[in-house]
Structures are given as structure tokens and as C-alpha cells.
Amino acid sequence: MTAATGPAVGAADRCAYALRLGDDALVLAQRLTEWSAHAPTLEEDLALENIALDLLGQARHLLTYAGAAEGQGRDEDRLAYWRDDGEFCNLQLVEQPNGDFAATMVRQWLFSTYQRLLYLALRASADPDLSAIGERGAKEAAYHLDHAANWVRRLGDGTEESHRRTEAALLGLWPFVAEMFSGDAVEARLVAAGVAVDGRALRPAFDAAVDAVLAEATLSRPEAAFTARGGRSGHHTEHLGHLLAEMQHLHRSHPGASW
Amino acid sequence: MAQEAPGEDQRAAGFQALVDADHRLEPRDWLPDRYRSMVLRQIAQHAHSEVIGMQPEGNWITRAPSLRRKAILLAKVQDEAGHGLYLYAAAETLGVAREELVARLHDGRQKYSSIFNYPTRTWADVGAIGWLVDGAAITNQLALTRTSYGPYARAMVRICREESFHQRQGFELLWALARGTEAQRRMAQDAVDRWWWPTLMMFGPPDARSPHTAQSMAWRIKRVSNDELRQRFVDMAVPQAAALGLTLPDPELRWNADRGHHDFGPIDWEEFQRVVGGDGPCNAERLRVHRAAHDDGAWVRAAAAAFAAKHRDPVAVPA
Ligand SMILES: [Fe+2]
Ligand SMILES: [Fe+2]
């Protein structure tokens, strides 16, 4: 094990990094579960629940890892249920409301395209735990991407209505794309130590993958009306507070209880 | 009519002989119309129940009090969606498409289990449903693994395996609450108090007043009567409640050594009839949500169909 991955060196950075990836997965899983029993088909209920389960599993590994790196005894539940929105470091993309089925699929497609590239690269991490998370997560993300990209193709090139809805979803979510590739000092230090993935370097592959699906979906890449920023450092849209209020309420109502 | 063609009476007798010999009936076999409609009614009602049942439990996924419990509940609700799919597929072997079955649910011609017309008010209700409702479902479904209609029997075998996980997980959820804080223990007891009687009603009216039981038993669609299944369930649940340290809300519940079974108090069949008839706490809401999801998804299904038509392999399209 290199010095950079030892327990003391970079521990705070590794904790922060794992929280980012873990919060992405947790918040998106939480959003997807809102579809349960409300999807357009029973098959789709099953698929959305399946994706949510994968993401929830990833979140649990990453939050557990973050708690261990931090060394303050916080477990997955402590981290999931007792942080306020200012302490969550997920991308703003994943906290956006489900909207219609097109918005949910466009959000999933953009995120899974990014997450798959990230996890593929994370397999080479000098940190064996993160490498293992990348290994497993890349396979799951590939399945999620497949599912979401297929829907974007179908909806984009389906009926007039589905095309219009998908175009609107894309326009609404595109401002949240740049944030995936913004990078910062935490990431830069971990990249230098061979632990983290350089997010900025993923952009060309992301664009190529996105453009290919857009072409099949008879859609084009929109201009971003604004640029979302700040999710990684705890700045969120108004939506996250409501999501967390619902997720955390019961747990916080019984402090110290086990479930 | 050609002489060798069997008449209706002969066919019916031949059919009954197959049933009596415990022959598994398949969609290609000659089946009396009334048998088909009884089996279809039962499978469709069962499929609708799996799907409507996703609502009361789904009510707690976003609020589950630990990530582990959230994952277990999410996986359970996903299993129920899968059960719905197997059962709709089994129903479709009788020549009625899922879309038509859903239409019959929406216009009230077909029903779902009345148990799901009760609300899940607290987290403990998730445990009570797993332990009691899935427990009752297993009792019923184990018997149905020997039902005379092959596709239904096979669906039951697959489903029973998953239901037993659900029951264990529900029990374990209540176990944690019963050993938790005073508030958690109260929550668990309150849930059991509210779900016990509706669960006993799940087995249907007493045999003497059950309109379809005799024919259904004769054709071996049903293998065990409502009252006998209910008794089996009570005998299973009583020691489990004791292990949980929770009480069952029936002062007349006691072991009867002569019968070798537990006696239990009278069931409020008026409440049952009322809730089956539509006047339960959640009937309107359950159907409203199902209908809304179906209607809101219409444009998605239309888009998928349009895309498939546009992109069908040209070789496969007849000229
Ligand atoms: Fe089920
Ligand atoms: Fe179940």
C-alpha cells in the first residue's frame, strides 16, 4: 500500500470523495423509489426498483467506506440520516425531481453515462476498496445506461408527444451536466495520489457517448440556459431539502433507536 | 356431428376424470368454459393483489428508517411486481391479455385482495404486512402449488419461495421493534392490533357461506377450504406472536386440546363485506393511484409501440 492510501494520509480527502459518489447514488436511489407503483408499465416498475436497489447498494458501500476513512465512528445510517442538506455533496442533477417519465429517463441516462465512465476509471484506483467499488459499479452502471439510453431512443424517436417531452427534459437537465466534470482541490490531490478519477478527463468520452444516443433519438444537444455548480461543496437546489426531510424524518424522530 | 366426436357430457366426464386423477391441466387441454372463467377470475384477482399491494408498502420506502431496511423493503416490493408479472402471464394462457385484465380491474369487474384497502399508518405496518399478510398468502399459496391448472400451479411454486423471505423479514422487523424503545414496541403492537382481523378475513368467507367453494374444490382449483386455511394460519401465528412478545387482539384465542387447534373469536364479516364492496379506508385511493399510473403512462407505451413499428427488422415485416 502506498503512503497516499495509508490510513492517515489523505483520509479526509478520501472520506470527502467517497461521500460525493455515495451521495450521488443515495439521492438518485431515493428519487427512483418515488416511482414505485407509479411507473408506466409493471416491467418498468421492476426495472426502476432494480436500478434503485443497485444505487442504494453502491451508496451503502461508499458511505461505509467514508465513515471508516473518517475514523469518527459514523456508519452508513449516521451519514445518511444525520447530515443536513449543506453536508450532502451529490451532484445537483440527481436531486432534481422525477418530473415525467422522459425527465426521469434523461436524468438517468446522463448520470449513468457519467457514472459508468467514472467507475470504469476508478477500477485503476490505488485504493483497493475504491477499485472494488468501481469494478462492481461499472457493471451495474452499464446496465442502467443501457436501459435509460434505450428509453431515450424510444421516446425521442417515438411519437410527436414523446419527442416533445424528451426534448423538454433534455433542455431542463442539460444545465446540470457541466458540474460532473468540474473538478476541485480534493479531487486533484487524490488524482495525484492515484486514488481518484480525474473527472475533467471524462468529458470527451461523455460527449461522444451522449451525441451517439441523441442522434438515434433524433434529438440534438441543447445550449445550457445556466450552469449548475456547488453540489460537491454542499450547495444545492431547493429540492434536496424536501427529499431529505422525507428520507430522514422517521429515523430522526427516534434518536438512538435501532431498526 | 360425426359419431366419434365426444358430446359435451362425455367431455365433461373425461375432464372430471382427469381432475380426479390429479392430472395437471394445460391451456391446450379441453377445459369447460366455467372452469376457464373460474381459474381466470382467481388468477387475475391474485395478479391484481400483488400489484395493488405494492402501494401500501411502497408508502414507506422513501421513509424507511435505515438503509438496510430500505433495501429489504425495496427488494420486497420489486418481488411483488415480479409476482404480478408471472401471474398476468399465467392468466394470459387463458386467452385474455393483461391490458384487458387491467381494464376489468379499473371498471370493477375484477377485484384484488381486500387486505390492501387498509392503510399503512406507521413503519411497523410494513412488518405486520410481511409477517401476517405474507404469512397468510403463503398459507394459501402453498395449497395452490397443487391447483389443477398447470400455469397457475407453476407460478405458485416460484412465488412461494420469495413469499417465505418476506414473511421472515416482516417477523424480523417486528422483532427489532418489540425489543426497541417503548415507542417502537407500542408501534409494533398497534400494527398487529390493526392487521390481525383483516388478515383472518383474507381467507374469504366461512365455507358454509362461500359461493364458489364447492365447485372450486371439485375441480381442484382450490385444494383446501377457506376455514381450514384460516385455522392453519392461526395455529402458525399464535406461537410466533408469543416469540415476538406481542399479543393478538382476540380475548377468545386459546389452545383447544380436544381439537388440536386454537379456537378464536368471531370474525366481523359485516366489515369484510363492507370493505370488499368498496367502503374501506383506501379502496378509492388504491384504484385512483393505479388508474392514474396507467393513464399517465399511456404516452410512454404509445411511444414504445411507435418506435418498435418504425424500427422493426425489415426482414420480419411481411411485404
Ligand atoms: Fe407476492
Ligand atoms: Fe410477498
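Donors are N, O and S atoms within 2.8 Å of the metal (3.2 Å for Na, K and Ca), and sites may look incomplete because water is not among the atoms. The model is predicted, so local features need pLDDT of at least 70 and side-chain atom pairs pLDDT 80 or more, while totals for chains, interfaces and linings use all residues. Residues are numbered from 1 along each chain as its sequence is written, chains are lettered from A and ligands numbered from 1 in the order in which they are written, and side-chain values use heavy atoms, without hydrogens and water.

**Exercise 1.** Determine which residues coordinate the iron ion (ligand 1) and classify its site.

*Solution.* Step 1: the donors are B:E50 (OE), B:E80 (OE), B:H83 (ND1) and B:E163 (OE), at 2.0 to 2.2 Å. Step 2: the angles among these four donor atoms run from 85 to 141°. The site of the iron ion (ligand 1) is irregular.

**Exercise 2.** Identify the donors of the iron ion (ligand 2) and the residue that bridges the two iron ions.

*Solution.* Step 1: B:E80 (OE), B:D134 (OD), B:E163 (OE) and B:H166 (ND1) lie 1.9 to 2.2 Å from the iron ion (ligand 2). Step 2: along the chain, these donors follow the spacing E-x53-D-x28-E-x2-H. Step 3: the iron ions (ligand 1 and ligand 2) are 3.4 Å apart, and B:E80 bridges them. Step 4: B:E80 belongs to helix α4 (residues 67-92) of chain B and B:E163 to helix α7 of chain B, 83 residues apart; helices are DSSP runs (H or I, at least four residues) numbered from the N terminus.

**Exercise 3.** Describe how α2(B) and α7(B) are oriented towards each other.

*Solution.* Step 1: helix α2 (residues 33-52) of chain B and helix α7 (residues 150-178) of chain B have axes 12 Å apart, at an angle of about 25°; axes are lines fitted to C-alpha atoms over the stretch in contact, and angles run from 0 to 180 degrees between N-to-C directions. Step 2: α2(B) and α7(B) are therefore roughly parallel (angles under 35 degrees). Step 3: B:Q42, B:I43, B:H46 and B:E50 of α2(B) contact B:Y152, B:M156, B:I159 and B:E163 of α7(B), contact being heavy atoms within 4.5 Å.

Methods. Helices (H or I, at least four residues) and strands (E, at least two) are DSSP runs, numbered from the N terminus. Angles under 35 degrees count as roughly parallel, over 145 as roughly antiparallel, 65 to 115 as roughly perpendicular and the rest as oblique. Four donors count as tetrahedral if all angles lie between 85 and 135 degrees; four count as square planar and six as octahedral if opposite donors are over 155 degrees apart and all others between 65 and 115; anything else is irregular.
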